[in-house]
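Dear colleague,

Some notes on what was found in it follow below.

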Amino acid sequence: MTAPSIPELDQFVAFLAKERNDSPHTVTAYARDVADFAAFRDAFYGGPWTWAGVDRLAIRGYLGALEQRRLARKSIARALSALRTFYRFLNLTQGIEANPARAARTPKLERKLPTLLDRAETKLVFAEAERRAQAGGFREARDLAMLELFYATGIRVSELAGLNDGDLDLVSDQVKVRGKGKKERLVPLGRHATKALRQYFRERDSLLARQGGGDRRAVFLNQKARRLTVRGVQLAVKGLLAGLPGGRGRELHVHSLRHSFASHLLDAGSDLRAVQELLGHASLSTTQVYTHTSVARLKQVYQQAHPRA
C-alpha cells in the first residue's frame, strides 16, 4: 500500500466526530495533522509504505521536521496526540498492534498563567457596561448581558455564541451549555446576569419586530437580527475592556473573563472540582492552573504586606 488512502482519513474523521464526540476544531486539526504526517512519509520513503511499517524513528523524524518549521510546542504536542489517536483507531479497525507514536516524548509545554481581571478592574468594566446600557440601545443592552453571562458562568465564547433561547431558564436561573465534544452541562446564573438578560430580551424583541424577521432561536443577535458570530462577540467584549486604565485592555480578551470567573471563585474558597464542573473541563489538571494563579496572587500580597517578607 502506498500513502494512506482517503477512506482511512474519512473513517478517522467520522470516528472522532461521531464516536468520540470531539469538537469540530479538534476533528479538523487531527485530520490535518495525520494528512501532514502522510505527506512527510511520502517524501521520506520515496516509495511504497504502510501504516503498520512506520516505526519510532519515523515519528521522531516527523517531530524534528515540525521543530525545523518552528511550530509552537503546543502544535507539535497536538500533532503527536493526533498520531497516537490515529494509531489507536487503526488498532480498532484494522488490527494494527504497533503504535509508534506512543513512545515518542511529548514536548514540554510552557504553562503560562492566564490573563485575568482583578476585582477592582472587574468593577470598573461592569460599571462602564451598566452606564452604557442605562443610556439605552440594543447593542449596549446586549453587550452588558454578554458580559454578565461570561462572568456569571465562565462560559466559552463559542458556547455563548451558540446559545439558543431554549438553553436559558430565567425562572430557575440556569443555562444549558453545549461544550467541547458536544457535552452538555447546567450552570447557574447570578441575579445580575438574569436581570441583564431580561433587559436585553426586551431590546431584542423590539429589533426582531422592526426587522420583520431574523434569527428567533439565537440568544445573541447582531443589529441585522442574525446570530452574533464568535468574532462579533470578541469585538464587543474587547470594546468593553478597552476602557480599563493603563492600557490593560490590550492585554485582555474574552477568555480573560472565563479565567477571572474561575480564579475569583477559588480565591473565595470554592471547591476545585466544583469549578471544574462549571467550566466543563474533562480533566482536573486543566482546572488546577487557576490554583497556581491564586497562589501567585497570594505571594504578591504577602511580599507587599509582610514586614519581613
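Which helices each supply at least two residues of the lining of the second largest pocket? Please keep in mind, as you look for them, that this is a predicted model. The helices are α5 (119-134), α6 (138-153) and α8 (191-211), and of these α5 gives the most, with 6 residues. The second largest pocket has a volume of about 280 Å³ and is lined by 13 residues, among which T122, F126, E148, Y151 and H192 lie nearest its centre. If the lining is sorted by class, it has 5 nonpolar, 4 polar and 4 charged residues.

Turning to the strands, you will find an open sheet of 3 strands in the order β1-β2-β3, with antiparallel pairing. Its edge strands, which pair on one side only, are β1 (168-169) and β3 (184-188). Between β1 and β2 (residues 174-178), which run antiparallel, there are 2 bridges, and D169 stands opposite Q174 in β2.

Two residues other than glycine deserve a look for their backbone angles. D173, which is placed in the loop between β1 and β2, has a positive phi near 55 degrees, and A225, in the loop between α8 and α9 (230-241), has a positive phi near 70 degrees. Are these residues buried or exposed? D173 has a relative accessible area of 27% and is therefore partly exposed, whereas A225, with a relative accessible area of 0%, which is under 20%, is buried.

With best wishes

Terms used. Residues numbered from 1 in each chain as written. Predicted model: local features only at pLDDT ≥ 70, side-chain atom pairs only at ≥ 80, totals over all residues. Heavy atoms only, no water. Pairing = 2+ DSSP bridges. Helix = DSSP H or I, 4+ residues; strand = E, 2+ residues; numbered from the N terminus. 1 Å grid on protein atoms, 1.4 Å probe; cavity = no way out; pocket = protein on both sides within 12 Å on 5 of 7 lines; lining within 4 Å. Points joined across faces, edges and corners; volume = space filled by probe spheres on them. Nonpolar A, V, L, I, M, F, W, Y, C, P; charged D, E, K, R; others polar. Buried < 20%, exposed > 50% of the residue type's maximum accessible area, 1.4 Å probe, protein only.
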